[in-house]
Amino acid sequence: MCIRDSSKTINTFLKEHREQRIPKMTKSEPIPQGDESSLRKLVALNFENIVLKARDNVIVLFCSGEDHPCKRPLQVFRDLDGILRKSNKKDVLRIFSMDISLNEVPSLSIESFPDVRLYLRNYKNRPKKYSGRIRLDRLVEWLDSVIPELSLSNDGNLKAAIEASNSQKTEL
C-alpha cells in the first residue's frame, strides 16, 4: 500500500513537471507594496514583468544590501529619482534598486557590486552596463547620451542636486 501511494505520487509529480505546472522556486524578497515616495525596490518575483516585459526604459542598481560600497550609489539613485519626479520625466525612465543577495534572477549575471544596468524600451534583451564612478553628474550625462528625450542636463533642479550629491565625501 505504501509503495503504491509513493509510486502514484511520483508519477503525478513527473506528469506535472512535464506539463510545467510545478511552480519554479525563486529566491526572492516579497513583492513590495506601492511605496511611490522613495526609490522603488525590485525583487526577483517582479523582475521579468517590470524590467523585461514593460515598455519602459528602466535603470536598475544591483547591490548587496546596505553594504558600504552600495550606500553611496543608493543615495545617488534616490537623488536621481527625486530629480525625475520634479522634472516630470518619470515617464521616460523608471528607477529601481535590487538587493541581489536576497533575490536571484536566473537569466541575470552580476559579477560585482554595485552594478548599474539600463534596459532600453526597445532593447530589453541587451541591457547597457554603466561603467565608472556612480556619481549623479556622471550618471545623468550617461543617461542623456543614451536616452536623448530624457535631457536631464537642461533641468534647473539638477544643478543644485548635483552640488548637494557631490558635496558628500564618500564616493564609489
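Which strands does helix 3 lie across, and at about what angle does helix 3 run to strand 2? In the predicted model, helix 3 lies across strand 1, strand 2, strand 3 and strand 4, and its direction is at about 160° to that of strand 2.

The protein contains five helices and five strands. Read from the N terminus, these elements follow the order α-β-α-β-α-β-β-β-α-α. Of its 172 residues, 40% count as buried. Among contacts between residues at least 6 apart in sequence, 69% join residues at least 24 apart.

The five strands form an open sheet with mixed pairing, in the order 1-3-2-4-5. Strand 1 (40-41) and strand 5 (128-130) are the edge strands, each pairing on one side only. Strand 2 pairs with strand 3 (residues 94-99) in the parallel sense, over six bridges; in this pairing, Leu61 stands opposite Ser97 of strand 3. With strand 4, strand 2 pairs in the antiparallel sense over five bridges. Val58 stands opposite Tyr119 in strand 4, and the bridge partner of Ile59 in strand 4 is Leu118. Strand 4 in turn pairs with strand 5 in the antiparallel sense, over three bridges, and Leu118 stands opposite Lys128 of strand 5.

Strand 2 is mostly covered, with six of its six residues buried. Both of its faces are covered: Val58, Val60 and Phe62 are buried on one side, and Ile59, Leu61 and Cys63 are buried on the other. Strand 4 is largely enclosed by the rest of the structure, because five of its five residues are buried. Asp115, Arg117 and Tyr119 point one way from strand 4, Val116 and Leu118 point the other way, and all are buried. Helix 4 lies across strand 2, strand 4 and strand 5, and runs at about 160° to strand 5.

The largest nonpolar core has 27 residues, of which Ile59, Leu93, Leu139 and Leu143 touch the most other members. At least two residues of this core are supplied by each of strand 2 (58-63), helix 3 (68-86), strand 4 (115-119) and helix 4 (136-146). Helix 3 gives the largest share, seven residues. Beyond its neighbours within four places in sequence, Ile59 is in contact with Phe77, Leu93, Arg94, Ile95, Phe96, Val116, Arg117, Leu118, Leu139, Trp142 and Leu143. Another core, of 15 residues, lies apart from the largest one and has Val60, Phe62, Ile100 and Val105 among its members.

Asn57 lies in the loop between helix 2 (44-53) and strand 2. With a relative accessible area of 3%, Asn57 is buried. A polar atom of the Asn57 side chain lies 3.0 Å from the backbone oxygen of Val92. When neighbours within four places in sequence are left aside, the residues in contact with Asn57 are Val92, Leu93, Arg94, Tyr119, Leu120, Arg121, Ile147 and Glu149.

The cysteines were examined for disulfides. A disulfide is a covalent bond between the sulfur atoms of two cysteines. The criterion applied is a pair of cysteine sulfur atoms within 2.5 Å, and by this rule the count comes to zero disulfides. Cys63 is in no disulfide, and the nearest cysteine sulfur, that of Cys70, is 4.5 Å away. Likewise, Cys70 is in no disulfide, its nearest cysteine sulfur being that of Cys63, at 4.5 Å. Cys63 counts as buried, at 4% relative accessibility, and Cys70 counts as buried at 1%.

Terms used. Residues are numbered from 1 along each chain as its sequence is written. This is a predicted model: local features need pLDDT of at least 70, side-chain atom pairs count only at pLDDT 80 or more; totals for chains, interfaces and linings use all residues. Side-chain values use heavy atoms; hydrogens and water are left out. Buried means under 20% relative accessible area, exposed over 50%, partly exposed in between (1.4 Å probe, protein chains only). A nonpolar core is a set of buried Ala, Val, Leu, Ile, Met, Phe, Trp, Tyr and Cys residues joined through side-chain atoms within 4.5 Å. Helices (H or I, at least four residues) and strands (E, at least two) are DSSP runs, numbered from the N terminus. Contact means heavy atoms within 4.5 Å. A polar contact is a pair of N or O atoms within 3.5 Å; within protein, one must be able to donate a hydrogen and the other to accept it, and residues adjacent in sequence count only if both atoms are side-chain atoms. Two strands pair if DSSP finds at least two bridges between them. Axes are lines fitted to C-alpha atoms, for helices over the stretch in contact, and angles run from 0 to 180 degrees between N-to-C directions.
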